[in-house]
Amino acid sequence: MLAVLASDHADSGAVELARERGIAIETPDPGPYRTRLSREAERVWIARLHAHDVDTILLAGFMRILHDEFLAAFRGRVLNLHPSLLPAFPGTEAIRRALEHGARVTGCTVHLVDAGIDEGPILAQVAVPIHDDDRLDTLGARVHAAEHALYPATVRRFLTESFTLEGRRVRWVGETA
């Protein structure tokens with residue numbers, strides 16, 4: 001069950017959709033930094049999420065680095081969606097960078113969040129070919145369509161199936177190597 005939508009942008013489309021669906025909304029101040037929550041803001045976010053009995057965090061479009069305190073509060077339960085086949089093109093502008101780099105394939109990744117930038121163990125990936133005539137908008141549309149299919153399927157799997165970590169590799173129980 002979706003307990004709450006927490007957003008660092010009170011005017012986002014996701015906030016409006018949550019409002020229309022009667023989902024609780026939290027929009028705590030993210031603090032003064034554009035690329036990360038301040039330590040003080042992070043404590044407020046943790047408290048607000050705990051007040052809703054949140055146990056799993058699903059990041060989407062949350063372009064801020066999380067500190068150890070936040071990650072410890074939800075240890076092993078923070079997932080992120082990234083528009084590349086990690087470890088290729090971590091960070092911002094991944095689709096543009098893949099296109100400019102001349103890559104022949106890109107895609108999307110769902111991973112567990114750790115202290116690194118887009119470095120956590122990979123839960124699932126989908127490849128998206130890059131066509132010779134692709135532009136940022138055409139490639140972006142295909143990557144986002146892949147994300148919209150991959151993220152809910154991976155979240156469902158994460159919440160219902162067991163896995164182990166062997167080093168950084170995720171092994172789903174019952175999955176053959």
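Which backbone nitrogen does the side chain of Ser 38 reach? Here are a few notes on this predicted model, in which local features need pLDDT of at least 70, side-chain atom pairs count only at pLDDT 80 or more, and totals for chains, interfaces and linings use all residues. Residues are numbered from 1 along each chain as its sequence is written, and side-chain values use heavy atoms, leaving out hydrogens and water.

1. The side chain of Ser 38 reaches the backbone nitrogen of Ala 41, at 3.0 Å. Ser 38 sits in the loop between strand S2 (25-26) and helix H2 (39-51); strands are DSSP runs of E with at least two residues, helices runs of H or I with at least four, numbered from the N terminus.

2. Ser 38 counts as buried, at 5% relative accessibility (buried is under 20% relative accessible area, exposed over 50%, partly exposed in between; 1.4 Å probe, protein chains only). Beyond its neighbours within four places in sequence, Ser 38 is in contact (heavy atoms within 4.5 Å) with Pro 30, Gly 31, Pro 32, Tyr 33 and His 67.

3. Strands S7 (residues 163-166) and S8 (residues 169-172) pair in the antiparallel sense over four bridges, where pairing needs at least two DSSP bridges. Leu 165 stands opposite Val 170 in S8. Two residues lie between the strands, and Gly 167 in the turn has a positive phi of about 70°.

4. Phe 158, Phe 163 and Trp 172 form one aromatic cluster. Phe 158 is buried at 4% relative accessibility, whereas Phe 163 is partly exposed, with a relative accessible area of 24%.

Technical notes. Polar contact = N/O pair within 3.5 Å; in protein donor to acceptor, adjacent residues only side chain to side chain. Phe/Tyr/Trp six-rings, centres within 6.5 Å; stacked < 30°, edge-to-face > 60°.
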